[in-house]
Amino acid sequence: MRSHSDLMLRLVAQARGRASEYLGDAYVGEDEWVWTLDLGGASARAWQAQPADMRAHIESFVSGINAFATAHPELIGDSVRAILPVQPVDVLAHLARVQYARFLSGSDRVRAETRAWRDRGSNAWAVAPVRAASGHTLLLQNPHLPWSDAMTWIEAEYQTPEMNVSGAALVLSPMLQIAFNDSLGWTHTVNTQDGEDLYELTLSGDGYLYDGAVRAFDASMHVMRVRQKDGSLRDDTVRVRRSVHGPVIADKAGKAVAVALIGLHGPALDGSLVQWWAMGRARNFGEFVAAITPNHVSGQNITYADHAGHIGMFYGGNTPIHTRGDRAFWGGIVRGDSSALLWTALHSFADMPKTVDPPSGWVQNTNDPPWWATFPVVVKPGDYPSYIATRNMALRPQRSVRMLAGDSSITWNEFVEYKNSTRMELADRVLENLLGVATTSSSETVQLAAGILGRWDRSADSGSRGAVLFTA
């Protein structure tokens with residue numbers, strides 16, 4: 001609260017779907033999305049499902065927020081003061097908004113932001129003692145999130161008689177989400193799971209066609225208060241229609257599109273905080289696997305390493321069980337007029353790809369599919385349903401693999417050097433051929449360009465002319 005009080009309270013307002021009431025009409029679109037997905041209902045159900053010890057933890061966390069605001073009113077901005085007091089359910093509403101409305105789904109603007117963030121990506125490495133010069137396990141926790149808004153990290157440490165956990169959490173989370181203790185550690189990278197499916201509905205009267213009959217929408221309405229520049233409030237109405245798939249998010253003549261989103265459609269996902277807490281308390285590989293088996297942290301890989309030398313990459317989170325179709329099929333808009341395509345269950349942890357203690361002595365993930373966690377490949381896509389994950393391998397994971405596979409005895413300094421490397425894999429692939437072509441040109445400009453690229457170290461550092469020229 002001392003560092004980010006106004007940000008935390010603004011995030012609470014957004015999680016409630018009331019940011020436009022407190023902060024103005026710039027937040028109308030976000031509030032409409034919260035009401036469309038019914039994140040308030042999802043968070044209320046999640047609160048009811050929390051075990052008693054987690055409720056106590058969240059209540060204590062919220063009490064600290066409110067106590068700070070009471071003790072230091074001068075540090076609370078006028079625009080967010082009315083949001084107080086924070087309630088325990090607000091923490092779960094914020095978690096739902098970040099997980100569902102930012103990472104797994106989102107409005108057009110949020111989708112664009114998330115795509116841009118995914119392009120930047122995150123990195124995770126775990127190196128077994130057999131591959132480390134020191135004989136000790138190495139773990140790289142390297143998330144790539146914009147340092148702002150809900151993606152702001154807080155570094156923290158828990159010390160209790162039974163645990164000592166250090167790490168970081170996204171602001172307004174009461175749990176460390178990337179962390180290590182005296183025995184083990186883990187990190188997350190966004191994975192390639194498909195947790196959101198779009199269904200095209202054929203409209204008929206006031207309903208839609210489903211299994212040969214007309215089915216009525218479950219319709220609801222909510223009135224939002226929207227603050228104007230002069231401080232007055234106007235009323236905006238949010239009307240939501242829900243099919244058996246989920247809320248309608250787009251319309252055109254005779255058609256509509258509904259979204260089915262894990263956690264909001266089908267089995268509820270309300271145990272992520274419990275899972276992170278159990279992960280931090282685990283003392284060995286067996287206890288850690290038991291902690292992640294409930295599979296409540298969706299959309300995230302888990303890369304693991306421990307003091308005993310175990311390493312692993314787990315394709316964490318939930319994927320709907322489909323009766324047909326591959327990843328390309330489910331990546332588009334599918335027919336919503338038949339129950340044959342409606343999923344109602346999720347794959348368990350046992351169903352998901354996982355690479356544990358591979359012969360290579362290392363695992364990696366840079367937001368790529370789980371098949372390329374190590375080489376030689378251990379987890380093969382043909383052994384899993386074709387919709388589980390994509391199969392492509394971009395240049396960033398290829399660079400990651402090249403560095404790890406190319407060093408059989410990685411020192412600590414090399415580990416840090418590799419982590420900070422900006423060398424471009426594409427340059428290693430094509431630069432020599434490009435320079436060969438350039439030497440045949442009679443253009444003075446081409447010759448000048450070739451000179452710059454010939455002297456370039458193939459790294460994309462901030463002052464590199466070669467990197468800019470090569471990319472162009």
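User: Which residues make a nonpolar surface patch of about 200 Å²?

Analyst: The model is a predicted one. The residues that make the patch are L395, L426 and V430.

User: Is strand β4 (residues 163-170) largely enclosed or open, and how many of its eight residues are buried?

Analyst: Strand β3 (residues 153-160) pairs with β4 in the antiparallel sense over eight bridges, and two residues lie between these strands in a hairpin. Strand β5 (residues 178-180) also pairs with β4 in the antiparallel sense, over three bridges. β4 is largely enclosed by the rest of the structure, because the number of its eight residues that are buried is seven.

User: How many residues apart in sequence are the parts that E200 and K255 tie together?

Analyst: Side chains of opposite charge can pair when their charged atoms come close. The side chains of E200 and K255 form a salt bridge at 3.7 Å, N to O. E200 belongs to strand β7 (residues 196-204) and K255 to strand β13 (residues 255-261), so the parts they tie together are apart in sequence by 55 residues.

User: Are R399 and E425 buried or exposed?

Analyst: The side chains of R399 and E425 meet in a salt bridge of 3.5 Å, N to O. This pair links distant parts of the chain, with R399 in helix α11 (residues 395-405) and E425 in helix α13. Both R399 and E425 are buried.

Notes. Residues are numbered from 1 along each chain as its sequence is written. This is a predicted model: local features need pLDDT of at least 70, side-chain atom pairs count only at pLDDT 80 or more; totals for chains, interfaces and linings use all residues. Side-chain values use heavy atoms; hydrogens and water are left out. Patches are made of residues with over 30% relative accessible area and no salt bridge: like charges are joined within 9 Å, nonpolar side chains (Val, Leu, Ile, Met, Phe, Trp, Tyr) within 5 Å. Accessible areas come from the Shrake-Rupley method with a 1.4 Å probe; for residues, only the protein chains shown count as cover. A salt bridge is a side-chain nitrogen of Lys or Arg within 4 Å of a carboxyl oxygen of Asp or Glu. Buried means under 20% relative accessible area, exposed over 50%, partly exposed in between (1.4 Å probe, protein chains only). Helices (H or I, at least four residues) and strands (E, at least two) are DSSP runs, numbered from the N terminus. Two strands pair if DSSP finds at least two bridges between them.
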